[in-house]
Structures are given as C-alpha cells and as structure tokens.
There are 4 protein chains.
Amino acid sequence: MNHIQFPADRKMDFIAIGRLCIDLNANEINRPMEETRTFTKYVGGSPANIAIGAARLGVKSGFIGKVSNDQMGRFITQYLTDHQIDTTNISVDRTGAVTGLAFTEIKSPEECSILMYRDNVADLKLAPGDVSEEYIKQSKALLISGTALSASPSREAVFLALEYARKHSTVVFFDLDYRPYSWAYTTDPAIYYSLAAEKCDVIIGTREEFDMMEQFTGNPGSNDEVTANKWFGCNAKIVVIKHGSNGSFAYTKTGQVFKGSIFKTKVLKTFGAGDSYASAFIYGLMQGWSIVRAMEFGSASASIVISKHSCSDAMPTVEEIVEFIAGSRKEEQISP
Amino acid sequence: MNHIQFPADRKMDFIAIGRLCIDLNANEINRPMEETRTFTKYVGGSPANIAIGAARLGVKSGFIGKVSNDQMGRFITQYLTDHQIDTTNISVDRTGAVTGLAFTEIKSPEECSILMYRDNVADLKLAPGDVSEEYIKQSKALLISGTALSASPSREAVFLALEYARKHSTVVFFDLDYRPYSWAYTTDPAIYYSLAAEKCDVIIGTREEFDMMEQFTGNPGSNDEVTANKWFGCNAKIVVIKHGSNGSFAYTKTGQVFKGSIFKTKVLKTFGAGDSYASAFIYGLMQGWSIVRAMEFGSASASIVISKHSCSDAMPTVEEIVEFIAGSRKEEQISP
Amino acid sequence: MNHIQFPADRKMDFIAIGRLCIDLNANEINRPMEETRTFTKYVGGSPANIAIGAARLGVKSGFIGKVSNDQMGRFITQYLTDHQIDTTNISVDRTGAVTGLAFTEIKSPEECSILMYRDNVADLKLAPGDVSEEYIKQSKALLISGTALSASPSREAVFLALEYARKHSTVVFFDLDYRPYSWAYTTDPAIYYSLAAEKCDVIIGTREEFDMMEQFTGNPGSNDEVTANKWFGCNAKIVVIKHGSNGSFAYTKTGQVFKGSIFKTKVLKTFGAGDSYASAFIYGLMQGWSIVRAMEFGSASASIVISKHSCSDAMPTVEEIVEFIAGSRKEEQISP
Amino acid sequence: MNHIQFPADRKMDFIAIGRLCIDLNANEINRPMEETRTFTKYVGGSPANIAIGAARLGVKSGFIGKVSNDQMGRFITQYLTDHQIDTTNISVDRTGAVTGLAFTEIKSPEECSILMYRDNVADLKLAPGDVSEEYIKQSKALLISGTALSASPSREAVFLALEYARKHSTVVFFDLDYRPYSWAYTTDPAIYYSLAAEKCDVIIGTREEFDMMEQFTGNPGSNDEVTANKWFGCNAKIVVIKHGSNGSFAYTKTGQVFKGSIFKTKVLKTFGAGDSYASAFIYGLMQGWSIVRAMEFGSASASIVISKHSCSDAMPTVEEIVEFIAGSRKEEQISP
C-alpha cells in the first residue's frame with residue numbers, strides 16, 4: 001500500500017491542466033543558438049509532457065487547456081489525440097493568442113538554455129469557464145503545474161479546478177515547475193504557489209522551489225522537515241523534495257522519509273528530467289506501489305529522457321523503464 | 001465573554017488594509033447628478049470609513065494603504081492623522097496613479113447611486129512590499145475588504161497580510177463589500193473571496209455577497225447555516241449575514257445564532273450603513289461584549305450615519321450611539 | 001478684407017473637434033487644494049471652451065466628440081445643446097470610459113494649478129468612424145486642438161478630419177494647446193503637431209509651443225519669422241505667436257506682422273485665457289474684420305474670462321466685449 | 001538619365017529602416033504546417049530583405065532598426081554584418097522584447113501562408129531617440145516600409161526619419177508592404193500610409209495597397225493615373241503600381257508610363273518577390289539607368305528569388321540577374 005487512496009470507479013485516471021506549447025529544439029547541438037540553423041518541432045510544456053509520459057505508461061489521461069487557433073494549436077491537439085490523451089477539454093482560443101514557443105539551445109550537457117516566446121500565449125488564456133466540474137469529478141487524479149498560476153485568467157482556472165477537485169475528492173498532484181521569467185513580480189509566486197499548495201495531496205519540487213515558497217513564512221535553514229510539515233498541516237500526504245545530484249527525498253504525513261534512486265546515464269541535455277520523473281512516479285503511486293518503487297521508476301524514466309533529443313517524444317514505455325532499471329545499479333532507501 | 005479571543009499586549013488594537021479614496025457628495029439632493037452643480041469632498045472607501053468609525057469610538061487604529069502623490073492623497077493622509085489613525089504604513093504612489101473618486105447622487109432616500117473613477121487608482125497599487133510583518137504582528141486585529149482583492153498588486157498585498165496575520169494570531173475581520181464594477185470577470189470574485197475567507201475569523205456580508213461566494217460550491221437554497229458551516233470548517237468563528245430589512249443574523253462556530261436589532265431612523269441616503277455597522281460591531285467585540293450587544297451597537301451606528309450627508313465625517317462617538325439607543329426601541333435575540 | 005477666405009453657402013460656420021471634459025473648480029480660493037472642501041462643476045476642455053465662446057458670440061457652431069455614457073457625459077451634451085451648439089456629431093462611448101476631470105486649485109492669481117483625471121477618458125476614444133465627411137463639408141471652418149492628437153484613436157480621428165477638411169476647402173484652425181502630461185513620450189508631440197500643422201490654415205500658440213514643435217527641425221534663436229515661414233511653406237496663411245506679457249504677434253503669409261492689444265484687468269486665475277482669445281479672434285476673422293481688430297477682440301475676451309471663476313460659463317457676448325474695449329486703452333500695430 | 005537625382009558626395013548609398021525579423025521556413029514543402037517537423041532559420045522582414053538584396057548588388061547599405069537582446073537578435077546583426085551592411089544604427093532592445101517570427105508554410109506554389117509571431121517584437125520598439133539625423137544626412141537614399149508605421153514608437157521613429165530625409169534631400173523610397181494583421185484598426189493604415197507617402201519620392205506597391213490608401217479620399221474605379229497624380233501633387237516623382245500577373249506600371253511626374261517586364265520561372269513559393277524586385281529596381285535607379293531597364297532588373301531578381309527556398313539568402317548578385325535576363329524573353333514598354 002502507499003499513502004494516497006485514489007477514488008475508485010472513475011472514467012479517467014489522470015487529468016493535467018495548464019501549459020501546452022511547442023519546443024523547437026536545435027538540431028545542431030554543442031554550439032550557441034546564434035550558430036544553429038534548423039529546429040525540430042515537438043509538443044512541450046511541463047504538464048503536457050507529464051500527461052504524454054503518463055499516457056505512454058498506460059495511464060488513461062486527459063487534459064484541460066487552451067490552444068491557439070492556428071497550425072501550432074492544431075498540431076498539439078492532434079499529437080495528444082495520437083498519443084491516446086483525451087482532448088475534449090482542450091478549448092481553442094478565439095482572441096488571436098499564439099502558442100508558446102521554447103527554442104532550446106544545447107551548448108553542452110551542462111549548459112542548456114531556453115529562449116521563450118511567452119507573449120499573448122493561448123495556454124494562459126484558459127479561463128474558469130473552460131473548466132468542467134463534471135470532468136474533474138470523473139478523474140482519479142488532477143495535476144497542476146506552477147506556470148499556469150502566473151497570469152490571469154489561467155490562474156483563476158487552476159484555483160477553480162482545485163476547488164472542484166477537493167469537492168469531489170480527486171487526488172491533486174502539484175509539480176511546482178517554477179520558472180521565474182513567467183512572473184511579473186518576485187513576491188507573487190510565493191503567494192500563489194502557497195495558496196494552491198494548501199489544497200494539494202502530493203507536492204513535488206526542488207529544494208530551491210520550496211525555498212521560494214517559504215520566503216514569507218520563514219525556514220532559514222531550508223530544512224526539509226520544516227517544509228514538509230508545513231504542507232502536512234494543510235492537505236498534503238506526500239512531499240517530494242529534490243536536491244539535484246544529492247538525490248530526492250519523499251516525506252510522508254505519517255512521518256517516513258525515503259531517498260530516491262539515482263541512475264548513471266549519458267546526458268545529452270537536462271530538459272525534461274522533472275517531467276519524466278513526475279509521470280513515472282505518479283504512475284507508480286497509481287499502481288499502488290511503494291513510494292520507494294515509484295521513486296525508482298521516476299528516476300529511471302528521467303535518466304532515459306535526458307539521454308535523448310526531445311522531451312515529449314522521448315517519454316518511455318513501462319517496458320523501456322523496466323529494462324533500463326534491470327541494467328542499472330540502484331541506491332537505497334535511507335529511513336523506514 | 002464572546003467568541004473571539006484577541007491577543008493581549010499589542011501596541012495597536014486594529015489595522016485596516018485597502019481602499020482609501022474620496023467621496024464627492026452632491027450638495028443638491030433629491031435630483032439626478034446631471035442637474036447638480038456643487039460637490040463636497042470627504043475621505044471614503046469602505047476600510048477607510050471603518051477605521052475612521054473605529055477610531056472615533058476610541059479604538060487605537062492604523063491603516064495599511066497607498067495614496068496618490070497629489071493634493072487628494074495628502075488630504076486623505078492628513079484627515080486620518082487628524083482623526084487619530086496611525087498613517088505610518090500608508091505609502092505614497094510614485095507611478096502617477098490617482099485617488100479613486102466616488103461621485104454620489106441622491107435622487108431619493110431609496111434611489112442612491114455612485115459614479116466611480118477607478119482607473120489607475122493608487123489604492124490598488126498597494127503591493128506586497130508595502131506590507132510590514134512587524135506592523136501586523138503588533139495589532140490585535142486586522143480588517144480586510146473585498147475591493148482590495150480585485151486587482152494586482154493590491155490582491156497579493158492582502159494575501160500576504162493574511163499570511164502574516166495567521167502567523168502571528170492577529171484576529172482577521174473580512175467585510176465582504178462586494179462591488180461588481182471593480183472586477184473584470186464575473187468568476188473571479190468568488191475565487192478570490194473564498195481563498196481569503198478561508199483564513200478569516202469573522203466574516204460580515206449580505207446574503208447576496210455570500211451567494212456570490214458560493215457560485216461554484218453550491219448552496220442552491222441560499223441557506224444561512226450551510227453558508228456559515230462552510231466557513232466554520234476553515235478558520236471562522238463568527239459569520240454575520242445581513243438580510244436587508246429582514247435584519248441580520250450572527251452565526252457562531254459553537255452553534256448559536258443571534259438576530260440583530262433594527263432602529264427606526266429618517267434615511268437621507270443608504271451609503272455608509274455597512275461601514276458604520278462594522279466599525280461599531282468590531283468595537284463591541286473588542287470590548288468583550290456579547291454578540292447581541294455588539295450587533296445592537298452596530299445597528300445604531302448605521303442608523304445614525306444614514307441620516308447624515310457624509311459617511312466618514314458622520315461616524316458617531318460612543319456617547320452618540322448610547323444616546324441614540326436609549327431613545328429607541330430594540331428587537332430581540334431569536335435564539336440562544 | 002483679411003487673409004482667410006471662408007467658403008460661402010455652408011450650413012454651419014464652425015466645428016470644433018476633440019476634448020469635452022469637466023472642470024471642478026474649488027470654491028474656496030487662495031489656498032491649496034488640500035484645504036478646499038467644495039467644488040463647482042463646469043463644462044471644460046479647450047475646444048469645448050472655444051466652441052462655447054464662439055456660440056456665445058453668435059457663431060453657428062457644432063462639435064465632433066465623444067462623451068461618457070453617464071451623468072457627466074449627459075451633463076456636457078445638455079450644456080452644449082442649451083448653448084446653441086449642434087451636438088448631432090457627439091457620440092456616446094460604449095466601452096466604459098469616463099469623462100476627463102480637471103480639479104482647479106487657485107492658490108493666488110499667479111499660482112494656479114490643475115489636478116487632472118485623464119485615465120480611460122471618453123474624449124480620446126473618438127475614432128475615425130465617428131468623423132463624418134458630410135458634416136465637415138458643410139462647415140466653413142474646423143478647429144483642432146493638440147490634446148486630441150495625444151492618443152489613439154482620437155489622433156487618427158483628427159487626421160481624418162483634416163483630410164476631409166482639405167478635400168472640401170473647410171478652413172482649419174489649430175489651437176496648439178500643448179499639455180505635456182497628455183503625452184507618453186517627449187518626442188511624440190513635435191512629430192504629430194507638425195504633421196497636423198502642415199495641413200492647417202491658421203495656427204495659434206505660445207512661443208514655447210512653437211519651440212516644442214521645432215525641436216527636430218531647428219530654430220535655435222526661437223525666431224518668430226523662421227517659425228511662421230516654416231508653416232507658410234505648407235498651408236498656413238496666418239500664424240499667431242503669443243509671448244505672454246510681451247504680447248502676441250500675428251504673421252501673415254503675405255509678409256505682414258501685427259502686434260496684439262493688451263488690456264488691464266483684475267486677474268482671478270489664468271485658466272481659460274487662451275480659449276477665450278481663440279474664440280473671439282476666430283469670430284473676428286469670420287466677420288471679415290482686419291487681423292488687428294480680431295486680435296483686439298480676442299484679447300478683450302481673454303481679459304474678461306480671467307477675471308471670473310469659470311472658463312466656459314464666463315465666455316462673454318459681443319456686447320460685453322465691445323463694452324469692455326470701450327472702457328479700456330489699447331496698444332498699436334507694430335508693422336504694416 | 002532617370003527621374004530621380006540622388007545627392008552626390010554621401011558616405012552611404014542606401015539606408016533601410018524598420019523590420020528585422022526571423023523567417024522559419026518549413027523544410028518539408030507541399031503540405032500543411034500541422035504536418036511539417038523541421039524549420040530552417042533565415043533573416044527576414046521586408047526592409048531587411050531589400051537591404052540584403054541591395055548589398056548583394058554592391059550598393060553600400062546600412063540599417064536603422066532594433067533587435068532583441070538574445071540569440072535571435074545577435075544572429076540578425078551578425079548576418080547583416082557578414083553581408084556588408086552597416087549595423088552601427090541597429091540598437092538592442094532592453095525591455096525584454098523578442099524578435100518577430102514568420103513560420104512559412106508552402107502547401108503549393110499558389111498556396112503559401114505565414115504564421116506570424118508579432119507580440120512584443122523588438123522591431124516595433126524602435127524609437128525616435130534611435131534615429132540619427134547625421135546618419136540619414138550621410139546617405140543618398142532612405143527606404144521605409146509600411147509595417148514600421150503600424151505601432152508606436154516605431155511609427156514616430158519613421159516619421160522622424162522622414163523629417164530628417166526631407167531636411168537633407170535624402171531620396172525616400174516607400175515600399176508599401178501592407179500587412180493587415182499588423183494593424184489594430186482598419187482605418188489606421190490609410191491614415192498613416194498617406195501621411196508618410198506625402199513625403200516620399202518613389203512609392204512602390206500593389207494596386208490593392210494603393211486602394212487601401214485611398215479609402216477616404218476616393219478613387220472608385222481604382223484608376224492608376226488618379227492614384228499617381230495624387231502623390232505627384234505631394235513629393236513623388238515615380239509611382240510603381242503592381243497588377244499581379246497583369247504586370248507592373250511605373251508612372252512618372254513628367255507624365256510617362258512604363259510597363260515592366262515579366263519572366264517565366266518555376267515558382268517554389270511567392271514570398272520575397274516584392275522585396276527582391278524593390279532591391280534590384282532601386283539598384284537600377286541608383287545606377288542612373290532608365291526606368292524600363294531598372295524595372296526589368298527588378299523583375300528578373302524577383303523571378304530568381306521565388307524559385308528558391310528562402311528570401312534573404314536567395315537574393316541574387318548582378319551577375320546572376322544579368323545571366324538570368326540573357327536567358328529569357330522580355331516584354332515591351334507600352335508608352336513613352
């Protein structure tokens with residue numbers, strides 16, 4: 001057993017809400033973007049990647065989002081449909097918004113950067129009127145992601161989705177995915193991330209992301225247990241805190257802490273690591289696995305994705321992850 | 001005893017946060033504004049009026065707000081200072097914002113309207129950086145008001161103030177004061193009012209205001225007890241619901257319900273009734289009075305203000321309210 | 001004869017286009033606005049004042065403008081109608097714009113200031129679609145004023161009106177009326193004032209206003225003849241340059257220069273001097289008077305207005321101006 | 001001789017002002033963009049293409065523009081430098097603007113479309129303060145392009161450049177390049193195109209573009225001579241009107257009309273035809289060629305570019321054009 005009880009008898013397993021965008025990955029790698037000439041187009045955006053990853057693992061997935069009324073928007077919707085994700089709750093913007101773009105630059109495995117196009121993007125036009133109570137009621141789980149909180153009306157759409165999820169006992173995952181460039185003011189992310197996190201069951205983020213959330217409440221030593229207990233005082237049951245190369249730790253409301261596995265891999269780029277981790281970790285929890293096993297599955301998925309050129313296209317199947325783990329050495333749980 | 005325990009040993013009794021503006025009341029009454037020619041200038045804005053009312057009753061009050069850098073802003077700050085309100089936490093806008101204006105039109109006692117100037121107003125420029133944790137920590141109570149939630153960065157400033165108030169056990173009053181024209185989208189007020197109300201100790205509003213807040217969660221019969229219990233499930237201890245001429249009811253977390261008094265008065269205009277009620281009701285609670293006595297004091301104060309030309313200037317002293325009550329007949333509590 | 005030939009056989013004499021707003025003049029004078037308490041409401045705005053002044057002198061006048069859909073807008077339209085100004089081409093804003101306000105503060109006759117409310121104002125929402133070619137074709141003269149050039153779509157509406165006026169030989173007056181606070185960038189007024197002035201027949205402004213217009217073309221010594229000749233190279237026939245207490249000078253395309261009269265008066269405030277001057281000067285030209293006589297009439301009108309509390313309400317009749325001149329001493333023309 | 005006298009003794013031959021952007025051309029052609037996967041990056045934007053085309057023909061060229069402070073902006077500046085275009089007057093945006101993008105879709109030679117990213121673009125942030133009088137004074141010719149008129153502050157920068165060009169007798173070319181999606185209101189392009197065209201020496205556009213400019217002034221039969229004479233009444237000496245497959249016609253202030261040549265070619269896409277035409281036509285005029293010869297050179301250049309994948313990269317050299325013409329049949333001048 002694990003620490004999350006998913007409601008039974010729901011039509012869907014998993015719905016993600018928020019950003020749907022396009023990655024344009026430079027085909028010529030190990031050089032600055034000033035010198036690249038061609039790009040390959042992929043579906044991107046943290047919750048999109050997680051939904052694609054989950055679907056590839058066999059999770060019955062859906063998406064609540066908004067796309068532009070153009071070739072880019074239609075490409076995204078078609079891609080999700082082709083990958084067995086329900087798109088009935090993806091609406092089409094009618095205001096002339098565009099699809100967000102992320103041009104990726106891979107100078108070296110350690111030095112990757114992104115050039116974002118985020119003005120007037122369709123994903124942030126998602127509005128409360130686009131969120132269906134019935135749809136959320138029919139799913140076992142809902143995933144929210146921080147970027148959708150960065151602007152109105154997308155922010156309000158997420159808070160409404162949270163309200164519906166709590167009302168109908170749909171389990172809520174929060175992948176923090178904090179991107180400073182999305183926010184106009186430095187004080188706002190802490191305020192809105194906290195208001196959202198109070199309503200979530202599982203919170204996943206880096207130590208730096210949790211630090212950002214605690215800027216007003218105080219946790220001077222960046223103590224993981226202080227962090228986890230703050231959210232256990234609200235609705236959280238599991239808090240996953242990632243410490244980069246020092247590994248990640250899952251804290252539970254029942255007082256346990258688990259250390260995640262780390263796998264050796266040949267890194268092409270770092271993009272997509274968090275999204276693939278989240279999709280496989282969520283998959284594990286939804287299978288009823290132990291937290292340790294779900295974390296291992298997440299780490300293995302991340303290791304696979306960072307060795308490939310894309311994020312969404314590279315999301316592995318269950319068989320690929322199982323095979324990858326079998327060929328690797330794994331780390332141990334540090335505490336019962 | 002009553003149902004709210006105020007922290008002892010605080011420098012201040014009461015701090016209001018939010019709107020500071022100017023009322024321009026037509027001197028010629030009982031006619032449309034097209035035909036009025038002269039106006040008299042008063043300090044206005046719901047939390048400003050409540051703070052002025054409280055100060056006039058002897059409550060040691062302060063204000064967290066932002067004023068324009070012009071004659072209007074200086075008039076407001078001077079007026080508050082002259083009325084014994086601490087203005088050290090009122091900052092001055094440096095972006096060219098103006099003071100909000102409310103031109104009032106009194107066609108008849110039953111037909112009053114307001115013409116608002118709310119573009120680029122200084123009060124909504126209040127930002128998280130203007131909110132002092134230390135200041136809130138030093139006060140027994142904090143009052144928030146709905147209009148300050150209607151736009152950024154004022155909205156975030158209020159959420160930060162709430163965070164500080166909860167952290168330091170400062171009692172929070174929420175005067176709903178819902179004004180539809182302040183909001184760009186009809187779905188947003190329910191979302192933000194609810195996020196704020198979850199953190200408040202005492203919530204005061206009309207039945208219509210509570211209905212607005214419940215548009216997504218559902219309370220089809222507009223049942224007061226359903227409403228009150230929803231907030232008792234969060235942090236509320238007292239919920240006051242006003243039913244216009246049918247009187248107001250105070251619900252307590254301990255299961256009691258009290259009906260408020262109604263006084264006969266000669267009505268000049270309806271503006272200011274809610275603000276004067278709130279200031280005298282809060283005064284009563286802070287004196288340790290019973291809820292019934294505090295409600296009666298609130299009703300009497302409201303009856304005095306609606307018989308006069310202004311809101312802020314008309315706020316009564318303790319002696320005036322006591323004298324008014326002595327000359328009136330009062331209604332009874334309907335349930336222990 | 002004078003230097004402007006007005007087309008005959010037109011239904012209207014004079015149309016002004018642009019700003020319609022409200023002046024709120026402090027009733028308590030000789031003190032800062034922080035200490036004033038009551039205000040009186042008047043119609044204001046430079047082209048509105050000029051149209052009112054012209055109408056009071058018997059000129060058959062109309063207005064192209066936009067007013068707010070509220071009591072302020074209706075007050076303005078009613079006032080103009082009551083003063084025999086055709087309002088058929090004043091449209092009503094439907095976007096929620098407000099009427100611009102000017103709170104006036106008279107600290108002393110020499111120290112007057114204005115507190116403006118110019119956010120989201122209806123007058124700047126005037127759009128090309130609100131400008132009727134037929135209306136401009138039916139008038140002898142059109143007056144434009146600089147503030148209407150300060151923002152879109154009002155700016156484009158004025159350029160379209162100029163296009164129609166030139167097409168149909170309607171004489172165009174340009175009262176520069178430069179107000180720096182109306183402009184977002186310091187470079188823009190010179191650019192747009194120049195593009196407009198190129199199409200005008202009579203240009204009236206202060207030396208400082210003409211300096212502003214020449215910031216890119218160069219006239220280092222602020223030489224009046226250089227200024228006048230620049231515009232005579234376009235479409236201008238008369239250029240009036242005001243030098244404050246040193247008097248004003250009218251230059252003509254035919255090479256003449258005339259010095260205006262100055263009258264002694266008891267000054268209450270300086271507001272409205274330029275508008276009353278323009279209306280009486282235009283009246284004189286339309287009567288076929290000499291430039292000198294028209295300038296004298298303008299100066300006398302200005303002297304009357306600055307001795308009174310309002311601008312629009314104080315605009316004098318022909319009889320009042322004639323009587324005022326009769327009681328005064330006048331200056332001489334300085335050059336043939 | 002031809003009809004334009006270029007000033008002698010100038011350091012530069014030719015300066016273009018305005019749009020610098022990126023074309024992302026789908027590598028997979030003859031299919032909708034939903035189905036394309038890779039894109040190649042090129043410098044784009046009409047005035048950029050014309051400057052690149054002119055430079056490749058040996059014209060000493062420069063550019064006045066603004067680029068984003070990122071990899072895209074640096075790519076553009078480097079490309080221009082590599083192609084012998086002076087970039088000293090290209091400034092770098094500091095407000096967080098992005099480079100405009102044009103994703104091109106080639107469904108068939110007849111059906112090409114563009115998906116534009118034009119929100120918050122650096123090229124439209126070009127401001128009057130970025131325009132150097134000295135730079136324009138040192139060039140024989142200046143080229144403006146319509147898109148730069150579509151928004152502030154770029155619009156004002158162009159009007160200021162026109163003012164400097166007229167002041168210093170720099171010949172001004174206006175390539176209309178009307179793109180409806182750039183304009184918020186349908187009435188504005190006619191207004192601003194006309195204000196600009198009044199100050200230009202050579203105006204080049206399609207019949208539809210001239211129709212758009214005449215929407216308020218009237219030319220119901222879309223008569224070319226009416227159009228040309230309108231601009232000859234201002235500052236124009238040559239007006240080129242393109243009638244698609246019916247050929248283009250050059251009208252001169254001296255009353256002549258010339259029909260342009262048409263060449264047969266295998267069309268890959270239609271993008272870039274106008275820009276390559278303009279660059280070679282301007283080159284011809286600057287060589288002192290007859291209008292007919294310059295038009296033939298323009299047509300040949302256009303024929304070359306539309307048979308290739310890119311616009312800017314495909315701009316031909318003098319030798320390539322000469323060789324192309326030698327291998328083709330040409331049309332005749334229709335009237336002396």
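## Where two helices touch

In this predicted model, A:Ser46, A:Asn49, A:Ile50, A:Gly53 and A:Ala54 of α1(A) meet A:Asp275, A:Ala278, A:Ser279 and A:Ile282 of α8(A); contact here means heavy atoms within 4.5 Å. Sorted by class, that contact holds four nonpolar, four polar and one charged residues. (Nonpolar covers Ala, Val, Leu, Ile, Met, Phe, Trp, Tyr, Cys and Pro; charged covers Asp, Glu, Lys and Arg; the others, Gly among them, are polar.)

## How they cross

Helix α1 spans residues 46-56 of chain A and helix α8 residues 273-286 of chain A; their axes come within 8 Å and cross at roughly 45°. The crossing of α1(A) past α8(A) is right-handed, with the near helix turned clockwise from the far one by less than a right angle.

## And the cysteines?

How many disulfides are there over all chains? The count is zero, taking a disulfide as a pair of cysteine sulfur atoms within 2.5 Å. For A:Cys21, the closest cysteine sulfur is in A:Cys311, 9.8 Å away and too far for a bond. C:Cys21 is in no disulfide either, and the nearest cysteine sulfur, that of C:Cys311, is 9.8 Å away.

A:Cys21 is buried, at 1% relative accessibility (buried is under 20% relative accessible area, exposed over 50%, partly exposed in between, with a 1.4 Å probe and protein chains only). C:Cys21 counts as buried too, at 2%.

## Reading notes

Residues are numbered from 1 along each chain as its sequence is written, and chains are lettered from A and ligands numbered from 1 in the order in which they are written. Local features need pLDDT of at least 70 and side-chain atom pairs count only at pLDDT 80 or more, while totals for chains, interfaces and linings use all residues; side-chain values use heavy atoms, leaving out hydrogens and water.

Conventions: Axes fitted to C-alpha atoms, helices over the stretch in contact; angles between N-to-C directions. Helix = DSSP H or I, 4+ residues; strand = E, 2+ residues; numbered from the N terminus.
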